[in-house]
Amino acid sequence: HGFITPQTSGVVRLPRDVRERLMLSRSGVQLEVTERPDGVIELRGVVPVPADQQWFWTERWQAMEREADADIAAGRVVGADSAEEMLRLLDK
């Protein structure tokens with residue numbers, strides 16, 4: 001923690017170690033700014049999700065991902081080395 005003095009234009013420069021630790025130099029990262037009722041300003045680094053990938057982050061899809069992860073962890077999956085083998089397994 002420390003003090004940061006905004007420039008006259010309102011620009012705030014975060015210390016390098018903070019930027020590196022929070023990976024704020026990555027391409028596409030934006031800062032979400034939240035002003036709390038108690039006057040505290042919170043900054044969160046966020047990476048916007050491209051429109052064509054938003055489906056993956058829906059609650060329904062994330063629930064299915066968690067279910068698949070649980071099946072994998074419990075060994076309830078079958079692998080196949082070829083499409084033909086996979087089709088044979090599906091026919092069973």
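**Aromatic rings**

I started with Trp-61, which is partly exposed because its relative accessible area is 30% (the cut-offs: buried is under 20%, exposed is over 50%, partly exposed is in between, with a 1.4 Å probe and protein chains only). Before going on, I noted that this is a predicted model, where local features need pLDDT of at least 70 and side-chain atom pairs count only at pLDDT 80 or more, while totals for chains, interfaces and linings use all residues. Residues are numbered from 1 along each chain as its sequence is written, and side-chain values use heavy atoms, with hydrogens and water left out.

How many aromatic pairs does a search of the whole structure find? I got 3. For a pair, the ring centres of Phe, Tyr or Trp (its six-membered ring) must lie within 6.5 Å; planes under 30 degrees apart are stacked, over 60 edge-to-face, and the rest tilted. One of them joins Trp-55 and Phe-56, with centres 5.7 Å apart and planes at 90°, so I logged the pair as edge-to-face. Trp-55 also pairs with Trp-61, again edge-to-face, at 4.8 Å centre to centre and 85° between the planes. Ring pairs tie Trp-55, Phe-56, Trp-57 and Trp-61 into a cluster.

Trp-55 is partly exposed, with a relative accessible area of 47%. Phe-56 counts as partly exposed at 25%.

**Gln-62**

Next I looked up Gln-62, which sits in helix H2, residues 59-73. Helices (H or I, at least four residues) and strands (E, at least two) are DSSP runs, numbered from the N terminus. Is Gln-62 buried or exposed? Gln-62 is buried, because its relative accessible area is 18%. Setting aside neighbours within four places in sequence, I found Gln-62 in contact (heavy atoms within 4.5 Å) with Phe-56 and Trp-57. Both of these contacts belong to the ring cluster above.

**Hairpin**

E1 and E2 run antiparallel and are joined by 6 bridges; strands pair if DSSP finds at least two bridges between them. They form a hairpin with 5 residues between them, and Gly-39 in the turn has a positive phi of about 90°. I also noted that Glu-35 stands opposite Ile-41 in E2.

**Second largest pocket**

I then turned to the second largest pocket, which holds about 290 Å³ of space. The method works on a 1 Å grid over the protein atoms alone: a pocket is an open set of points where a 1.4 Å probe fits, with protein on both sides within 12 Å along at least five of seven lines, and lining residues have an atom within 4 Å of a point. Grid points are joined across faces, edges and corners, and the volume is the space filled by probe spheres set on the points.

The lining includes Ile-4, Pro-6, Val-12, Leu-31, Val-33 and Glu-42. E1 and strand E2 (41-46) are the elements that give two or more residues to this lining. Which element gives the most? That is E2, with 3 residues. By class, I have 9 nonpolar, no polar and 1 charged (nonpolar is Ala, Val, Leu, Ile, Met, Phe, Trp, Tyr, Cys and Pro; charged is Asp, Glu, Lys and Arg; the others, Gly among them, are polar).

Pro-6 is in the segment before H1 and is partly exposed at 46% relative accessible area. Not counting residues up to four places away in sequence, Pro-6 touches Val-11 and Val-12.

Pro-6 and Met-23 are 17 residues apart in sequence and 21 Å apart in space, C-alpha to C-alpha. Met-23 lies in the loop between helix H1 (16-21) and strand E1 (30-35). I flagged its phi, near 55°, as a positive value in a residue other than glycine. Most residues other than glycine have a negative phi. Met-23 is partly exposed, with a relative accessible area of 47%.

**Met-86**

Last, I looked at Met-86, in helix H3 (residues 83-91). Met-86 is partly exposed at 33%. Beyond neighbours within four places in sequence, Met-86 contacts Val-78 and Ala-80.
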